[in-house]
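These notebook entries record what I looked up, topic by topic. I began with the metal site and ended with the charged pairs.

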Amino acid sequence: MICPTCKSQMIVVEHQKIELDYCPECHGVWFDSGELELLLDSLNLENRGQFVSNLLNAPEAKTPEKKRRCPICAQRMKKTAVGEKPGILIDVCRNSDGLWFDGGEVGQLVKQLSEKLSGKPSSHYQVEAFLGEVFQAQE
Ligand SMILES: [Zn+2]
Ligand SMILES: [Zn+2]
């Protein structure tokens, strides 16, 4: 798959049966919608299905940031602000193929959502540990 930000060839990263596409150049990450659910599943967060559908159906954010094309269907993705204000701007495929996070955004988001969804302080450490393992493996 080609990185929607810098057009580099992305690499597939597999961890605990979840596959992500990771760009070694700009450190962006692509999640297929199904993979995101699997990730949330593996963390036993509550309301994860709801979370994913909210994310996919969230309103478009107004931003001067450049629109990116979905690496799967090549259509322009919409920008959506997620998380606590001021929010993290992510790119979401309008056909629900998945989500694009710029380098560093995925960690911020997952940390926020795990705090919000579960209220259990331990789960965000699990998420961070997961992401740490995934991305450490690439260096
Ligand atoms: Zn890239
Ligand atoms: Zn798409």
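The entries below concern a predicted model.

**Entry 1: the zinc site**

I first looked up the ligands of the metal. The zinc ion (ligand 1) is coordinated by the SG atoms of Cys3, Cys6, Cys23 and Cys26, at 2.2 to 2.3 Å. Along the chain, these donors follow the spacing C-x2-C-x16-C-x2-C. I noted that one pair links distant parts of the chain: cysteine 6 lies in the segment before β1 and cysteine 23 in the loop between β2 and β3, 17 residues apart.

I then checked the geometry. The four donor atoms subtend angles of 104 to 121° at the zinc ion, so the arrangement is tetrahedral; the criterion requires all angles to lie between 85 and 135 degrees. For reference, the ideal angle for four tetrahedral donors is 109.5 degrees.

Cysteine 23, at 0% relative accessibility, counts as buried.

**Entry 2**

I next followed the strand pairing. Strand β1 (residues 11-15) pairs with β2 in the antiparallel sense over five bridges, and isoleucine 11 stands opposite tyrosine 22 in β2. Two residues separate the strands of this hairpin, where glutamine 16 takes a positive phi near 50°.

β2 also pairs with β3 in the antiparallel sense, over two bridges. Here the bridge partner of tyrosine 22 is valine 29 in β3. The hairpin of β2 and β3 has six residues between the strands, and histidine 27 in its turn has a positive phi of about 65°.

I also asked how far β2 is enclosed. Four of its five residues are buried, so β2 is largely enclosed by the rest of the structure.

**Entry 3: the nonpolar cores**

The largest core holds 21 residues, of which Phe31, Leu55, Ile90, Leu99 and Phe101 touch the most other members. The elements giving two or more residues to this core are β2 (18-22), β3 (29-32), α1 (33-42), α2 (48-56), β5 (88-92), β6 (98-101) and α3 (105-118). Among these, α2 gives the most, with four residues.

I listed the surroundings of one member. Leaving aside neighbours within four places in sequence, phenylalanine 101 is in contact with Gly28, Val29, Phe31, Ile90, Val106 and Leu109. A second, separate core of eight residues includes Cys3, Trp30, Cys70 and Cys93.

**Entry 4: salt bridges**

How many salt bridges are there? The count comes to six.

I examined glutamate 60 and arginine 94, which form a salt bridge with their closest N and O atoms 3.4 Å apart. Glutamate 60 is in the loop between α2 and β4 (78-82) and arginine 94 in the loop between β5 and β6, 34 residues apart. Glutamate 60 is partly exposed at 38% relative accessible area, and arginine 94 is partly exposed at 44%.

Aspartate 91 and lysine 79 are both buried.

Notes
Residues numbered from 1 in each chain as written. Chains lettered and ligands numbered in written order. Predicted model: local features only at pLDDT ≥ 70, side-chain atom pairs only at ≥ 80, totals over all residues. Heavy atoms only, no water. Core = buried A, V, L, I, M, F, W, Y, C linked by side-chain atoms within 4.5 Å. Buried < 20%, exposed > 50% of the residue type's maximum accessible area, 1.4 Å probe, protein only. Contact = heavy atoms within 4.5 Å. Pairing = 2+ DSSP bridges. Donors = N, O, S within 2.8 Å, 3.2 Å for Na, K, Ca; no water. Tetrahedral: all angles 85-135°; square planar, octahedral: opposite > 155°, others 65-115°. Salt bridge = Lys/Arg side-chain N within 4 Å of Asp/Glu carboxyl O.
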